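These are my notebook entries on what I looked up in one structure, written in the order in which I went through it.

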Amino acid sequence: MDLIYIHESDNVALSRALLPAGSLVNWRDAMLELVSDLPAMHKVAVAPIASGEAVLKYGQVIGFATRDIAAGEHVHEHNMCAGNHKPSHDFCSETQPVDYVDPAARASFLGFRRPNGKAGTRNYLAVVSTVNCSVTVGRAVAAHFQNSGMLRDFPNIDGIVALGHESGCGMSTYDEGYQTLLRTLHGYIAHPNFAGVLLIGLGCEAMQVSSVLRESDLETNPLFQTLTIQQQGGTRAAIQAGIEKLTTMLPAANNCRREPVPASELTLAVQCGGSDAYSGITANSALGAAADLLVRHGGTVIYSETPEIYGAEHLLTRRAVSPEVAQKLVDRIHWWEHYTEINGVALNNNPSPGNKAGGLTTIAEKSMGAQAKAGTTMLQDVYLYAEQVRTKGLVFMDSPGFDPVSVTGQIASGANVVCFTTGRGSAFGAKPVPSIKLASNSQLFERMREDMDIDCGGILDRECTVAEHGEFIFQRILAIASGERSASEKLDYGDNEFAPWRIGAVI
């Protein structure tokens with residue numbers, strides 16, 4: 001059986017299947033005998049690695065041997081560790097300018113043009129809570145329309161989503177956590193996938209409805225209404241008022257129609273969860289090729305999950321358009337180093353148990369594979385969590401690695417499509433934005449066929465190239481942006497994945 005190798009300088013390769021000790025595997029036209037059992041997707045030393053020597057994968061340092069490792073030996077937690085390797089953050093742009101597709105030849109999709117000029121991929125109404133105390137009312141308002149069957153008379157509305165969260169009070173109104181939540185709420189209120197929004201508060205919380213309007217420069221109109229439970233006279237009165245306000249929005253929302261929109265109006269969030277050792281060479285690489293295509297067609301790609309670029313951030317700073325943009329990314333890394341330290345957590349505490357079972361040993365190894373989904377184009381800018389993205393091309397938005405929190409920020413920043421790669425089998429969706437699930441291997445795709453949209457396992461078997469699969473993913477993005485439902489939408493995921501990042505003390 002052949003091993004999978006990624007870079008000519010690597011001293012480890014990957015297995016395709018579970019192999020017992022004594023097996024002979026083909027390595028660069030020679031036979032290598034395994035000296036230990038080798039699980040599928042895991043690393044094997046293809047040359048002796050001395051204790052303390054760097055373990056190389058993707059042509060990069062992913063860790064260090066904790067003892068002498070023989071050629072043919074399984075390489076994982078028992079004989080390697082992350083170590084203290086710090087990649088250089090020196091700026092040196094290694095990326096050529098984007099070869100843009102001629103505007104006349106660019107792809108398009110069928111989207112919803114909004115009055116502010118933005119384009120949506122779905123046509124929802126939203127009930128947004130400013131504080132946890134108003135979540136029950138918001139969900140009751142949304143449930144009324146779902147349970148009554150009223151929406152059957154408004155077929156152009158995709159649904160009504162209630163966005164509730166655990167914060168909004170017990171917080172300073174001046175700190176970073178408040179500003180982060182404010183940006184998140186603003187991003188959802190203004191999102192082009194919503195035809196109309198009802199904002200509900202309690203009345204005495206830190207995140208006041210009036211503050212959201214004032215600090216986000218928002219004004220109410222027929223398709224953006226507000227109410228507070230205390231002013232309405234209590235829960236039942238607030239629910240009834242919310243139903244009435246949302247009912248008035250239904251005809252206008254239903255009148256929205258899809259029309260041809262240039263692909264340059266797509267903002268793609270790229271995300272990975274439940275990764276395995278194949279993710280970086282199949283699903284993430286193919287998604288990166290699709291991301292490059294979207295950028296060439298004038299669109300935007302949001303890459304995130306700062307703790308999961310740790311150890312590979314130098315690959316992004318080298319692609320920055322300027323030293324200033326590179327420094328913005330380095331500054332976020334330093335922020336995270338401080339943030340995790342004061343909370344008693346190591347930033348390199350990744351990978352998760354599932355990642356490790358899938359062959360990933362260190363955060364650097366996981367990060368090297370994760371960064372592939374950002375493609376190869378220049379890094380145009382770096383944004384705070386939920387900050388409105390105003391730059392075309394590849395950008396980075398700071399976020400935790402926890403998928404619901406990260407995607408919530410990407411959507412708030414303007415993403416109207418999500419592509420989510422997985423090797424272990426993450427279950428995820430994020431209303432109001434369609435999430436497209438990419439399986440890193442065909443076994444996962446077959447096992448969780450109802451949850452997966454695209455099988456990237458053919459890349460391993462050389463059935464297609466990364467570039468060919470990238471083109472296929474790009475076409476699927478256009479189709480789903482145009483209204484075709486993704487697997488997670490068919491399973492009705494997305495009502496519970498709104499998870500704004502909570503920063504700071506709860507007081």
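**Entry 1: the whole chain**

I began with the radius of gyration, which is taken over C-alpha atoms, and compared it with the globule rule of 2.2 Å times the number of residues to the power 0.38. For 507 residues a compact globule would have a value near 23 Å, and the chain has 24 Å, which agrees. I noted that this is a predicted model, in which local features need pLDDT of at least 70 and side-chain atom pairs count only at pLDDT 80 or more, while totals for chains, interfaces and linings use all residues. Residues are numbered from 1 along each chain as its sequence is written, and side-chain values use heavy atoms, with hydrogens and water left out.

Taken along the principal axes, the box that the C-alpha atoms fill is roughly 75 × 50 × 40 Å. I then looked up burial, where buried means under 20% relative accessible area, exposed means over 50%, and partly exposed lies in between (1.4 Å probe, protein chains only). By this rule 61% of the 507 residues are buried. The accessible surface, from the Shrake-Rupley method with a 1.4 Å probe, is about 19,800 Å², and 51% of that belongs to carbon and sulfur atoms.

For contacts (heavy atoms within 4.5 Å), I looked at pairs of residues at least 6 apart in sequence, and 71% of these contacts join residues at least 24 apart. I also looked up the charges, counting Lys and Arg as positive and Asp and Glu as negative, without His and the chain ends, and placing each charge at NZ of Lys, CZ of Arg, CG of Asp or CD of Glu. The mean positions of the 39 positive and 54 negative charges are 6 Å apart.

**Entry 2: the parallel sheet**

Helices (H or I, at least four residues) and strands (E, at least two) are DSSP runs numbered from the N terminus, and I found 14 helices and 22 strands in the chain. Two strands pair if DSSP finds at least two bridges between them.

In what order do the 7 strands of the open parallel sheet lie? I read the order as S18-S19-S17-S16-S20-S21-S22, with strand S18 (379-383) and strand S22 (454-455) at the edges, each pairing on one side only.

I then followed S19, in which 5 of 5 residues are buried. S19 pairs in the parallel sense with S17 over 4 bridges, where Ile302 stands opposite Val395 and Thr300 stands opposite Gly393. S18 and S19 also pair in the parallel sense over 4 bridges, and there Asp381 stands opposite Val395.

**Entry 3: two covered helices**

Which elements cover the buried residues of H11? The cover includes helix H2 (176-189), strand S16 (267-272), strand S17 (300-303), strand S19 (393-397) and S20. Helix H11 (residues 403-412) is largely enclosed by the rest of the structure, because 10 of its 10 residues are buried; among them are Asp403, Val407 and Gln410. Just after H11, Gly414 takes a positive phi of about 125°.

Helix H10 (residues 363-370) is mostly covered too, with 8 of its 8 residues buried, and I noted that the buried residues include Glu365 and Lys366 as well as Ile363 and Met368.

**Entry 4: the antiparallel sheet**

I next looked up an open sheet of 3 strands with antiparallel pairing, in the order S10-S9-S15. Its edge strands, each pairing on one side only, are strand S10 (119-120) and strand S15 (259-262). Strand S9 (residues 108-113) pairs with S15 over 4 bridges, and the bridge partner of Gly111 in S15 is Glu259.

**Entry 5: backbone points to check**

Most residues other than glycine have a negative phi, and most peptide bonds are trans.

Asp29, which is not a glycine, has a positive phi of about 65° and is found in the loop between strand S2 (24-27) and strand S3 (30-33). Is Asp29 buried or exposed? With 79% relative accessibility, Asp29 counts as exposed.

Asp217 also has a positive phi, of about 55°, in the loop between helix H3 (209-215) and strand S14 (224-228). Its relative accessible area is 69%, so Asp217 is exposed.

Finally, I found a cis peptide bond between Lys431 and Pro432, with omega of about 15°. Pro432 lies in the loop between strand S20 (417-422) and strand S21 (435-439).
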